[in-house]
Amino acid sequence: MAVKEFKLPDPGEGLTEAEIVTWNVKVGDTVKVNDIIVEIETAKSLVELPVPFAGTVTALHVSEGDTVEVGTPIISVDTAGGPAPVQDAPAAGAVEPGIEGSPAPKMAAAAAAASDEEEIEEGKIGGTTSTGRTAVLVGYGVKQTEAKRRPRKGDVAPAVQSASPLAEMPVATLPAASAPVAREGGARALAKPPVRKYAKDLGIDLATVAGSGEGGIISRADVDAHAAGDAGSAAGHAAIGGGERETRIPIKGVRKMTAQAMVGSAFTAPHVTEWVTIDATATMELVERLKKDREFKDVKVTPLLVLAKAMAVAIRRHPEINATWDEAAQEIVVKHYVNLGIAAATPRGLIVPNIKDADQMSMRQLAEAIGALTATARDGRTQPAEMSGGTITITNVGVFGVDTGTPIINPGEAAILAFGAIRRQPWVVTAADGTETIEPRWVTQLALSFDHRLVDGELGSKFIADVGAILADPARGLVWG
């Protein structure tokens, strides 16, 4: 039997660790080269990880939820195709989570020994190139090294883990031991592993707790109710204790990276924000016409599309806004391409994927790119390469009904534009003969935050004024473009 270990490859972009989100295989499964075996979350995105060799899975070395460093073995595969030895799971309930209600099957204690490393084809993940560098998920990174597994955040003292005030009650206040709850056929109390751990920390025997869930499953609320001396119903406990008053959310993955980037930007780049209010009625009329155009029938057309095109035109007129500050070289680097970032709120946090060479795209191509970008971000499948190399960003706060804001510049860029909600408001309209009337119009606000080290007030003002002018009269884009 030739057993090979697959180590967590370098995800690129300077990242050194990742969290195991979902295993797609289990011990005993047969895999082929490049089969997707696990989904990991880096500090920037979710990544599906393929296996570089074929065989039978013999062991999963890490559990879902573990954070591991690059180079850590995560799975063993018998490349000889022999039967998979049964091995203990990494943690109780980790490989097959669920309700504990029956004894665990017996596991064999011996683990298979790793065989000599077989050569991986150049260009595949884990393979070495002719220059000695190792292929990673994005580009080529440094040589992989052994790394120790990081301790799980849950490995702390039980007293610290418990978030409920009941866990801090003096022992004397807890109710006396209760008689076991009668269950059909003398079955074991049903509860999920976290609930069992919680009850153990409180010194409560689950056999004495009545479950309020389907089939008598015991919940955390049932344990709290029992500890409070209630009749055992979660509702009774809610009336007495009021439930937990705080929720702690681990800072990791995309949210952690975003926090670090925003703090770094806010305290490195001197931010200046300017606002402009514009009549966007002509933009709204253009959007309606494009929706009826056959060329745009199978893509989504929104005011954001017009704004993206307006940004590209305004950058062509003011290229210095599309730049970055190189502190090490003490240079301002003007980019002659536009990688337009679109800030997207996802369940995993804020991300800013960008459209490469947006300035070279037609309206139709921009519409397709924005649609693909938002769909990928919404599904949590944005890759690190899609979030690197941005040159300027749009944040569309208007979708939340917000008029505008003071956005923080994406690190490595010089400016970010906030696009507010478009509302029907009274507006003074001047006719060709100079006559003024008050009419209901579509009105919006733009806010531009820029790095005052490389963008002065004149440049920032001219840029946002040009963008606003194109939204007020899209025909200007033809003249200026």
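**Entry 1. Terms for helix angles**

Angles under 35 degrees count as roughly parallel, those over 145 as roughly antiparallel, those from 65 to 115 as roughly perpendicular, and the rest as oblique. I note that the model examined here is predicted.

**Entry 2. Helices α7 and α8**

I looked up how helix α7, residues 303-317, lies against helix α8, residues 363-378. Their axes come within 10 Å and cross at roughly 120°. The two helices are therefore oblique to each other. I recorded the crossing of α7 and α8 as right-handed.

I then listed the residues that meet. From α7 they are Leu304, Leu305, Val306, Ala308 and Lys309, and from α8 they are Met363, Leu366, Ala367 and Ile370. Sorted by class, this contact has eight nonpolar residues, one charged residue and no polar ones.

**Entry 3. Helices α7 and α9**

I next turned to the packing of α7 with helix α9, residues 457-472. Here the axes are 9 Å apart and the angle is about 135°. That angle makes α7 oblique to α9. The crossing of α7 with α9 is right-handed.

On the α7 side I found Val306, Leu307, Ala310, Met311, Val313, Ala314, Ile315 and Arg317, which meet Phe463, Asp466, Val467, Ile470 and Leu471 of α9. By class, the contact of α7 with α9 has eleven nonpolar and two charged residues, with no polar ones. I note that Val306 is listed in the contact with α8 and also in the contact with α9.

**Entry 4. Leucine 340**

I looked up leucine 340, which lies in strand β14, residues 340-342. Its relative accessible area is 2%, so leucine 340 counts as buried. Setting aside residues up to four places away in sequence, I found leucine 340 touching Ala308, Met311, Pro353, Asn354, Ile355, Ala358, Ile392 and Ile394. Of these, Ala308 is a residue of α7 that takes part in the contact with α8, and Met311 is a residue of α7 that takes part in the contact with α9. Isoleucine 355 is 15 residues from leucine 340 along the chain, and their C-alpha atoms are separated by 5.1 Å.

**Entry 5. Threonine 273**

Not counting residues up to four places away in sequence, I found threonine 273 touching Gly405, Thr406, Ala447, Leu448 and Ser449. With serine 449 there is a side-chain to side-chain polar contact of 2.7 Å. I also noted proline 407, which is 134 residues from threonine 273 in sequence and 8.1 Å from it in space, C-alpha to C-alpha.

**Entry 6. Helix α3**

I checked burial along helix α3, residues 220-227. Six of its eight residues are buried, so the helix is largely enclosed by the rest of the structure. The buried ones are Asp222, Val223, Asp224, Ala225, His226 and Ala227.

**Entry 7. Residues with positive phi**

Most residues other than glycine have a negative phi. I therefore looked up two residues that depart from this pattern.

Glutamine 330 has a positive phi of about 55°, although it is not a glycine. It lies in the loop between β12 (323-326) and β13 (331-334). With a relative accessible area of 55%, glutamine 330 is exposed.

Aspartate 357, also not a glycine, has a positive phi near 50°. Its place is in the loop between β17 (354-355) and α8. Aspartate 357 is partly exposed, with a relative accessible area of 38%.

**Entry 8. Glycine 401**

I located glycine 401 in the loop between β18 (392-395) and β19 (415-419). It is partly exposed, at 38% relative accessible area. Leaving aside neighbours within four places in sequence, glycine 401 is in contact with Ala421 and Arg423. Glycine 420 is 19 residues from glycine 401 in sequence, and the C-alpha to C-alpha distance is 7.6 Å.

**Entry 9. The chain as a whole**

The protein chain has ten helices and 21 strands. Of its 481 residues, 40% count as buried. Among contacts with a separation of 6 or more, residues 24 or more positions apart account for 63%.

Technical notes: Residues numbered from 1 in each chain as written. Predicted model: local features only at pLDDT ≥ 70, side-chain atom pairs only at ≥ 80, totals over all residues. Heavy atoms only, no water. Axes fitted to C-alpha atoms, helices over the stretch in contact; angles between N-to-C directions. Helix = DSSP H or I, 4+ residues; strand = E, 2+ residues; numbered from the N terminus. Left-handed = near helix turned anticlockwise from the far one by under 90°. Contact = heavy atoms within 4.5 Å. Nonpolar A, V, L, I, M, F, W, Y, C, P; charged D, E, K, R; others polar. Polar contact = N/O pair within 3.5 Å; in protein donor to acceptor, adjacent residues only side chain to side chain. Buried < 20%, exposed > 50% of the residue type's maximum accessible area, 1.4 Å probe, protein only.
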